[in-house]
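Here are my notes on this one, written for someone new to reading structures. Have a look at the fold on screen, then work through the points in order.

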Amino acid sequence: MPGGVNSPVRAFKSIDSSPVFFKRGKGAYLWDEDNNKYIDFVASWGPMILGHADPDIEAALKEVVESGTSFGAPTRLENEMAAEVIKCVPSIEMVRMVNSGTEAVMSALRLARAYTSQRNPKQTKIIKFKGCYHGHADSLLVQAGSGVATLGLPDSPGVTANATQDTILADYNNPDAVTEIFEKYPGEISGVILEPVIGNAGCIPPKPGYLEFLREITSAHDALLIFDEVMTGFRVALGGAQEKFGVMPDITTLGKVIGGGLPVGAYGGRKEIMQMVAPAGPMYQAGTLSGNPLAMTAGLTCLKKIQAPGFYDELERKANYLINGMKQAIDAPLQTTVCGGMFGFAFSSEPIHNFADSSNMDIERFKQFYLSMLEQGVYFAPSAYEAGFVSAQHSDEDLDQVIAASKNS
Ligand SMILES: Cc1ncc(COP(=O)(O)O)c(C=O)c1O
């Protein structure tokens, strides 16, 4: 396998180390091939909000697996899942299931462009923010050049300039950057896509009023607001960041928690927009394994459990407990953020509001901290640019152990 892994960040390259190989997970813990035990805050990069090997998901999967694992035809389970998503996520009136977050975002962008370009064929450009990751589809794999708003340049060989020419980059949490782009390309912006809380450059919440600003400016220009809630969906609140901050996007993408640990993604939104998707409408998108019975079963079981009263209050309490404890214990300037079951900590003396601010982070200090914590049985994401996740299974004793370990790390 290239680099020994099936997804790059797993390789521990950003901390100049080599990865741990896991063989088992239960609740808040993981065990490696040498039987070392870790308290896990990676949660498979977000999905495992109920902890590993949840007994209800396990039981549901065992039952369903006996009836066949894929039909490529409509099932009751898909309909139950669609109903659950529509119930939980405030702006979603209609939904399509796919197999990953990348697929969800790719499809959502095609949908946005299909929708706006039918009115105005020139309305095809997408504004994306520096530091937001939306999966590895060509048009979004771009990094910022210099300046406030720069035409995207490919971030990976193999992505052509043509593929990214309609992607325009902006600084997150900076309203002027977006206003300038709308002024520069009148009638050409199809949509604005963002992680409403950035989880791929640490954990960066929106400044007060910022999401409201994006809602207003997109509506004023007949452009669509797309929340990529692959990470924040069912994670910062049951209804995602849109519920937590009370701002409704036109299209939402989902992944991670919605699959309960199996490969699932989804995109949804206003009925009028979603009716564009084939076979209801002309925008083509399909999938052999989309709505797969096992994936729907794990996802549905997970979605039902996270609706327990107080689930998110408790998750956020734990994240705050952990992060506040670490801030007190660690003898270095630390910027910390918590949003529902998601948290971030950055070795920096300056607050971090966007990707440019995160260049102030002391990466060497992070590496030292990371390896020391790993040695003490704490598994954080192996990069200074990733969010952490608490699960329903972390106990206060687990968190106390982590805080104590962080003291000398
Ligand atoms: C916000 C966001 N969007 C999209 C993706 C891509 O999802 P996947 O890895 O399931 O393709 C990720 C993955 O980390 C993500 O965090």
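1. Let's begin with how the chain connects to itself. Take the contacts between residues at least 6 apart in sequence: 70% of them join residues at least 24 apart. Keep in mind that this is a predicted model.

2. What is the chain built from? You'll find twelve helices and 17 strands in it. Its radius of gyration is 21 Å, close to the 22 Å that the globule rule gives for 409 residues, so the chain is as compact as a globular protein of that length. If you'd rather picture a box, the C-alpha atoms fill one of roughly 60 × 55 × 45 Å along the principal axes.

3. Of the 409 residues, 56% are buried. The chain exposes about 17100 Å², and carbon and sulfur atoms supply 52% of that area.

4. Next, zoom in on a pair of helices. Two packed helices are described by the angle between their axes and the distance between the axes. For helix α2 (residues 76–88) and helix α9 (residues 293–305), the axes come within 9 Å and cross at roughly 35 degrees. The crossing of α2 and α9 is left-handed.

5. Which residues meet where α2 and α9 touch? From α2 come Leu77, Glu78, Glu80, Met81, Glu84 and Val85, while α9 brings Pro293, Met296, Thr297, Gly299, Leu300, Leu303 and Lys304. Sorted by class, this contact of α2 with α9 has seven nonpolar, two polar and four charged residues.

Conventions
Residues numbered from 1 in each chain as written. Predicted model: local features only at pLDDT ≥ 70, side-chain atom pairs only at ≥ 80, totals over all residues. Heavy atoms only, no water. Axes fitted to C-alpha atoms, helices over the stretch in contact; angles between N-to-C directions. Helix = DSSP H or I, 4+ residues; strand = E, 2+ residues; numbered from the N terminus. Left-handed = near helix turned anticlockwise from the far one by under 90°. Contact = heavy atoms within 4.5 Å. Nonpolar A, V, L, I, M, F, W, Y, C, P; charged D, E, K, R; others polar. Rg over C-alpha atoms; globule rule 2.2 N^0.38 Å. Buried < 20%, exposed > 50% of the residue type's maximum accessible area, 1.4 Å probe, protein only. Areas by Shrake-Rupley, 256 points an atom, 1.4 Å probe, with all protein chains shown as cover.
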